[in-house]
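Subject: Structure handover and notes

Hello,

Please find the structure below, followed by my notes on it. The notes are grouped by region.

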Amino acid sequence: MTQPLCSRAARARRRGRRARLACSLGVLAGLLAACAAPPAHQGAAYAPRADGQRLDVAALTELGRALFFEPSLSASGRTACASCHDPAHAYGPANALSVQPAGRDGATPGLRAAPSLRYLNTLPAFTEHHFDNDGNDSIDAGPTGGHTWDGRAGSAREQARLPLLSDAEMANAAPAEVVQRLRSGPLAARFRALFGSAALDDDARAFESLLFALEVFQQSPRDFYPFTSRYDEVLRGRATLSAAEARGLAMFNDPAKGNCAACHPSAPSADGALPLFTDFGLVALGVPRHRGLAANGDPAFFDLGLCGPLRTDLRERADYCGRFRTPGLRNVALRRSFFHNGVLHSLEEVLRFYARRDTEPQAFYPRAADGSVRKFDDLPARYHGNVNTEPPFDRRPGDAPALDDAEIADVIAFLKTLTDADVMPQR
Ligand code: HEC
Ligand code: HEC
């Protein structure tokens with residue numbers, strides 16, 4: 001890493017404020033009511049209705065919701081978006097599997113953990129050079145933003161194409177196949193009622209409309225960014241943290257302890273926008289290889305994130321290999337698989353990895369034949385220099401870990417305050 005992460009985090013907080021403001025101004029609602037072109041980041045002009053009639057945002061949101069839950073859009077007839085993105089788990093996976101089975105046979109394993117779809121509302125488009133353009137901050141924060149773990153999809157609309165057409169997910173061969181399923185499925189009449197009677201006649205147009213409905217649904221504040229966690233209540237001055245939670249937050253923020261907030265900002269911006277616990281930067285942590293993943297059965301295969309192989313435009317950038325997008329931590333306590341490859345299965349394991357990756361690497365990585373520890377075993381040696389070495393990763397074998405077990409327990413107590421009220425587990 002070349003740039004100080006704390007300033008990256010500070011910039012991210014300011015970025016969050018701007019984007020949230022745009023949202024609260026109801027840009028989306030205005031956009032739909034006016035039936036204008038989609039937001040600039042969505043690329044080619046797309047008018048939801050050929051006849052120029054207005055679309056009702058509420059009806060479009062409900063159609064998007066129905067499509068999100070509709071398994072008949074998949075080749076197996078069994079996989080819907082909700083199969084991997086369960087609303088009861090903040091639109092993350094409901095089970096503890098590292099990767100979700102899907103595909104044509106409903107059993108093909110994926111390569112990566114399914115993320116939560118909540119709190120992506122201010123996710124910026126991918127850029128290799130992020131500069132904050134307010135204030136006088138001219139430091140290049142490096143690769144930032146974009147949908148998926150490697151930032152390769154430009155918008156939720158672009159993103160939705162991926163699972164619909166991926167062999168390991170909904171497994172349609174082409175957009176025309178998706179539209180054929182839509183035509184013969186239970187939502188055809190609703191789709192025509194909303195987008196116009198000819199809405200399913202043209203494959204390309206129908207596919208765009210489907211993606212649009214899914215995207216609008218994913219922008220529904222109540223479903224996707226409710227901000228109802230206890231920590232939000234604390235920030236609003238309507239609740240307090242317990243002693244353990246408060247100690248955990250202090251550890252989370254302390255640059256000499258967890259230093260978590262450097263990449264997962266925890267404080268509201270100066271004008272009160274609530275934090276999303278990510279600066280959306282792409283960083284290499286050297287997460288252990290997941291030997292249980294089918295693709296990793298080939299010892300020569302590596303998921304290198306930003307430099308490929310799923311992403312193809314930055315293959316030449318050796319300095320990007322191993323970098324993945326920093327996930328937000330809201331609702332993270334509901335997850336049972338962590339990191340891009342789902343290799344760890346509890347927050348205790350994740351925190352221990354942060355605290356001890358460098359002090360006790362043998363606890364996370366296998367040994368080579370000569371007995372040496374193969375640190376960063378999911379990255380070819382030539383990329384090891386890409387791995388982050390700032391706190392809590394600034395230690396050597398034998399040093400005291402950045403967080404002891406009691407401090408780890410406190411950080412986890414704090415992370416549990418980030419769960420939204422509607423998905424709070426019953427006690
Ligand atoms: C078989 C499981 C599966 C299904 C089905 C699925 N997804 Fe996903 N989703 C994933 C995985 C895995 C990722 C991460 C992909 C990556 O990093 O390459 C992901 C990523 C995403 C993202 C990006 C989130 C982020 O943090 O950038 C969005 C948005 C999304 N999915 C929406 C959808 C929609 C909409 C559908 C239905 C059309 C859908 N997904 C179907 C597993 C699934
Ligand atoms: C240098 C930036 C950085 C710092 C510092 C950092 N993280 Fe992360 N965090 C990341 C990135 C990047 C990932 C995803 C890595 C991957 O999957 O390869 C991640 C992933 C996670 C995950 C897994 C979430 C999921 O959905 O799978 C948790 C939990 C987490 N971090 C918590 C913490 C805590 C707690 C701290 C402080 C002890 C911390 N992080 C410090 C960048 C950082």
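Lys 375 touches Pro 361 and Tyr 365, leaving aside residues up to four places away in sequence; two residues count as in contact if their C-beta atoms, placed from the backbone, lie within 7 Å. This is a predicted model, in which local features need pLDDT of at least 70 and side-chain atom pairs count only at pLDDT 80 or more, while totals for chains, interfaces and linings use all residues. Residues are numbered from 1 along each chain as its sequence is written, and chains are lettered from A and ligands numbered from 1 in the order in which they are written.

Lys 375 sits in the loop between helix H12 (347–356) and helix H13. Helices (H or I, at least four residues) and strands (E, at least two) are DSSP runs, numbered from the N terminus. Lys 375 is partly exposed, because 19 other C-beta atoms lie within 10 Å; a residue is buried if 20 or more other C-beta atoms lie within 10 Å of its own, exposed if 12 or fewer, and partly exposed in between, with C-beta atoms placed from the backbone.

Overall

The protein has 13 helices and 4 strands. It has 427 residues, of which 44% count as buried. Of the contacts between residues at least 6 apart in sequence, 69% join residues at least 24 apart.

Ligands

The shell of ligand 1 holds 26 residues, and the closest are Cys 81, Cys 84, Ala 102, Trp 149 and Pro 163. A residue is placed near a molecule if its C-beta atom, placed from the backbone, lies within 6 Å of it. Helix H4 (81–84) and helix H5 (156–165) each supply at least two residues of this shell, and H5 gives the most, with 5 residues. By class, the shell around ligand 1 has 15 nonpolar, 8 polar and 3 charged residues. Here Ala, Val, Leu, Ile, Met, Phe, Trp, Tyr, Cys and Pro count as nonpolar, Asp, Glu, Lys and Arg as charged, and the others, Gly among them, as polar.

Around ligand 2 there are 25 residues, and the closest are Gly 258, Cys 260, Cys 263, Phe 339 and His 340. H12 gives the most to this shell, with 3 residues. The classes in the shell around ligand 2 are 18 nonpolar, 6 polar and 1 charged.

Helix packing

H5 packs against helix H8 (residues 203–217) at an angle of about 115 degrees, with the axes 8 Å apart. Axes are lines fitted to C-alpha atoms, for helices over the stretch in contact, and angles run from 0 to 180 degrees between N-to-C directions. The contact is made by Ala 156, Arg 157, Ala 160 and Arg 161 of H5 and by Leu 211, Phe 212, Leu 214 and Glu 215 of H8. These residues divide into 5 nonpolar, no polar and 3 charged.

In helix H7 (residues 188–195), Phe 191, Leu 194 and Phe 195 are buried. They lie on the same side of H7 because they cover an arc of only 80 degrees around the axis, the arc being that of the directions from the helix axis to the C-beta atoms. These buried residues pack against helix H3 (57–68), helix H6 (175–184) and H8. Ala 189 and Ala 193 are exposed, on the face of H7 turned away from its buried side. Just after H7, Gly 196 takes a positive phi of about 110 degrees.

Helix H11 (residues 243–253) has Glu 245, Gly 248, Leu 249, Met 251 and Phe 252 buried. Their arc around the axis is only 160 degrees, which puts them on the same side of H11. They pack against H13 (405–415).

Backbone points to check

Two cis peptide bonds may be of interest. One joins Gly 308 and Pro 309, with omega about 5 degrees, and Pro 309 lies in the loop between strand S3 (282–283) and strand S4 (324–325). Another runs from Pro 391 to Pro 392, with omega near 5 degrees; Pro 392 is in the loop between H12 and H13.

Ala 171 is not a glycine but has a positive phi of about 60 degrees. Ala 171 is in the loop between H5 and H6 and is buried, with 21 other C-beta atoms within 10 Å. Phe 280, also not a glycine, has a positive phi of about 65 degrees. Phe 280 lies in the loop between H11 and S3 and is buried, with 27 other C-beta atoms within 10 Å.

Regards
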